[in-house]
Amino acid sequence: MRMQNIIEQKLTQAFAPSHLEVINESHMHRSSADGQSHFKAIIVSEQFDGQRLLQRHRAVNTVLADELAASLHALALHTYTPSEWAQKSEGAPRSPSCTGGH
């Protein structure tokens with residue numbers, strides 16, 4: 001199974017998100033065309049209500065601990081409550097270009 005699918009499945013099971021995007025950004029780094037090492041996840045979940053950003057990120061990292069310990073090199077996280085997401089008219093921030101990317 002591709003890393004993107006694994007991430008999507010695990011985050012869906014753990015957080016029951018109202019919005020989830022998992023974007024493969026490996027092509028922006030020193031990776032092959034079909035690389036599976038760099039991802040960006042946008043997660044909107046009621047479970048984040050009352051949590052600080054660090055708590056949210058720790059929760060996601062715990063869910064993806066096996067992947068982070070293996071072949072997942074980088075994971076950019078954008079975690080929102082539904083009310084925070086509703087205020088984001090432009091969505092999550094764009095990822096910066098990698099100086100070593102293609």
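Visitor: How many bridges join S2 to strand S3, and which way do they run?
Guide: In this predicted model, where local features need pLDDT of at least 70, side-chain atom pairs count only at pLDDT 80 or more and totals for chains, interfaces and linings use all residues, seven bridges join S2 to S3 (residues 74-80), and the two run parallel. Residues are numbered from 1 along each chain as its sequence is written, and side-chain values use heavy atoms, with hydrogens and water left out. Strands (E, at least two residues) and helices (H or I, at least four) are DSSP runs numbered from the N terminus, and two strands pair if DSSP finds at least two bridges between them.

Visitor: What stands opposite Ile42?
Guide: That is His78 in S3.

Visitor: And in which sense do S1 and S2 pair?
Guide: Strand S1 (residues 19-24) pairs with S2 in the antiparallel sense over six bridges, and Asn24 stands opposite Phe39 of S2.

Visitor: Is S2 covered on one face or both?
Guide: Both faces are covered, with His38, Lys40, Ile42 and Val44 buried on one side and Phe39, Ala41 and Ile43 buried on the other; buried means under 20% relative accessible area, exposed over 50% and partly exposed in between, with a 1.4 Å probe and protein chains only.

Visitor: Switching topic, how many aromatic pairs are there?
Guide: The count comes to two, where rings of Phe, Tyr and Trp (its six-membered ring) pair if their centres lie within 6.5 Å, and planes under 30 degrees apart count as stacked, over 60 as edge-to-face and the rest as tilted. Phe15 and Phe48 form a tilted pair, 5.3 Å centre to centre with 40 degrees between the planes.

Visitor: Which parts does that pair tie together?
Guide: Phe15 lies in helix H1 (residues 3-15) and Phe48 in the loop between S2 and helix H2 (53-63), so the pair ties together parts 33 residues apart in sequence.
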